[in-house]
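Biologist: Could you walk me through how to read this model, starting with the helices?

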Amino acid sequence: MSPTLGRTRSGAESDLAGRGGMLLAMVLAVLGYQINATMLSPALPDVIERLGTTTAAAGLSQTLFFLMAAIGQVTLARLSDQRGRKPMMVVCAFVLIAGNLLCVFAPNIEIFIAGRILQGMSAAMFTLAFLTLNQLLTPAGFGKAAGIVTAVNGGLAGIDAIAGGQIADTIGFRGIFVCSTLIAVAGLFGVRKYVPDVPPTTADARFDSRGIAALSIGLTGILVGLAQGASWGWASPLTLGFLLGGLAALVLFVVSQKSAANPVIDIEVLASRRAWPLLITTVCTLGGAFGAVALTIPLFSQDARVGLGLSAVTAAVLFLTPIQLIGVISAPLTGRLGPKIGWRRIVVTGAVANFAIFVFATFFLNNAWTLVASLAALGVTYGGFMLTGLNGLAVTTAPKDKPGSLSGLNGACFGIGASLGIAIASAMITAGSDAQGPTEAGYQHAMYAALTLLAIGVVTSLLIQRPESGTVAAEEEPQLVLAHH
């Protein structure tokens with residue numbers, strides 16, 4: 001073997017190992033956040049019991065968790081354009097660890113909610129990972145890596161859902177956050193060691209703090225008002241104050257973006273058909289599917305009075321594990337398929353299939369095995385096609401001079417959709433409750449609301465602008481100067 005060939009192979013092997021370490025670090029970093037959603041779902045009844053709180057308050061904690069995920073993704077994705085991806089990933093890891101510790105030691109629902117807010121902010125790790133991978137890899141390489149990272153979006157192959165149920169049935173919900181902390185610490189060390197320093201894309205731009213404040217207040221007002229409206233009263237001054245105040249703040253946000261030197265959201269990008277239909281599709285997909293899977297079905301399946309009366313472990317095995325396990329397999333496969341047939345086609349196909357499957361889940365809610373089969377099928381259409389396709393489409397169609405703009409917005413819409421779905425489901429269940437607690441009609445109405453959101457998502461997915469012919473990027477390595485620390 002020639003010395004030159006030996007050095008070439010050695011360099012290729014070293015590069016491959018470095019990419020493997022980078023991808024593993026990103027998987028651990030995003031998993032630390034994600035299991036706070038997937039592991040906690042079967043443990044929600046335990047949270048209600050141990051903290052002496054209500055279904056509405058538990059629903060609010062979930063709503064705020066995903067709302068902060070939305071705000072964090074917009075904020076930190078845009079900051080990463082200016083400060084670099086890796087520093088923001090480190091910030092996310094520290095915020096997640098702090099939030100976990102608050103939940104571990106929470107004596108009441110108020111401290112628990114504070115911890116959930118911090119945990120939600122760390123969701124930006126997903127967008128930061130996608131942006132970093134897109135800058136470092138070829139289109140085909142990005143598709144494969146994006147599929148792997150997206151697979152984590154459903155949890156750890158269903159193991160985390162079972163573990164969450166087991167922990168809830170034995171030591172209680174606090175153990176879930178101990179697990180998340182250990183994974184987050186491993187992810188933090190991995191990011192610091194293996195993720196390259198990608199140069200900022202807009203290093204001299206000024207951060208739009210006024211816009212972020214208006215956006216945060218607006219989204220919080222509307223989503224908290226929706227989540228708590230049933231328990232506060234829809235015509236009460238408190239509910240109207242949150243809803244109207246949130247709406248006013250969002251109007252102020254839109255106005256401020258037109259004059260901001262470095263807006264959080266590029267209004268021109270937002271107004272184009274490559275953006276707004278995609279964002280609405282993301283919101284409706286997460287609002288419909290995740291709202292049902294993360295709140296309605298876990299509560300219904302463990303409700304001994306009007307539901308299926310299952311234990312947390314059994315509910316997790318039947319209704320959460322299949323969608324996660326199949327999603328872990330289908331997401332990487334979708335990632336390989338996306339660059340070949342087009343990310344838009346992936347999204348449209350997934351949206352139509354999601355709606356069709358959810359029709360069965362909604363109308364056969366009391367039939368455990370039909371529900372199991374429906375959720376397992378969602379592992380392909382939702383966990384694979386939609387989550388991977390929406391992320392891939394947002395990253396690959398973003399403006400080249402502002403790569404964090406559309407992907408950050410889309411990442412925020414994941415959080416907005418999830419929090420909206422949780423808020424609506426919680427409101428429907430609360431509104432349908434009687435003196436003894438939730439009723440079957442309340443759960444059914446929550447499922448109808450989810451089905452409606454998914455129907456809207458089908459329509460908006462068809463409105464997404466088709467990519468122009470000849471825009472598929474060449475399979476070449478990006479030319480970047482990287483520094484490892």
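Modeller: Gladly. Helices (H or I, at least four residues) and strands (E, at least two) are DSSP runs, numbered from the N terminus. In helix H2 (residues 44-50), aspartate 46 and arginine 50 are four residues apart, which means about one helical turn separates them. This is a predicted model: local features need pLDDT of at least 70, side-chain atom pairs count only at pLDDT 80 or more, and totals for chains, interfaces and linings use all residues. Residues are numbered from 1 along each chain as its sequence is written, and side-chain values use heavy atoms, with hydrogens and water left out.

Biologist: What joins the side chains of aspartate 46 and arginine 50?

Modeller: A salt bridge, 2.8 Å from N to O. The term means a side-chain nitrogen of Lys or Arg within 4 Å of a carboxyl oxygen of Asp or Glu. The structure holds two salt bridges.

Biologist: And how confident is the prediction?

Modeller: Look at pLDDT, the predictor's confidence in each residue, from 0 to 100. Where pLDDT is low, the predicted coordinates should not be read in detail. Here the protein chain has a mean of 78, with 85% of its residues at 70 or more.

Biologist: Where in the protein chain is confidence lowest, and where highest?

Modeller: Helix H1 (residues 3-38) is lowest, at a mean of 64, and H18 is highest, at 93. Over residues 1-14 the pLDDT is below 50, and this stretch has two contacts (heavy atoms within 4.5 Å) beyond near neighbours in sequence. Residues 470-485 also stay under 50, yet the model gives them 29 contacts beyond four places in sequence.
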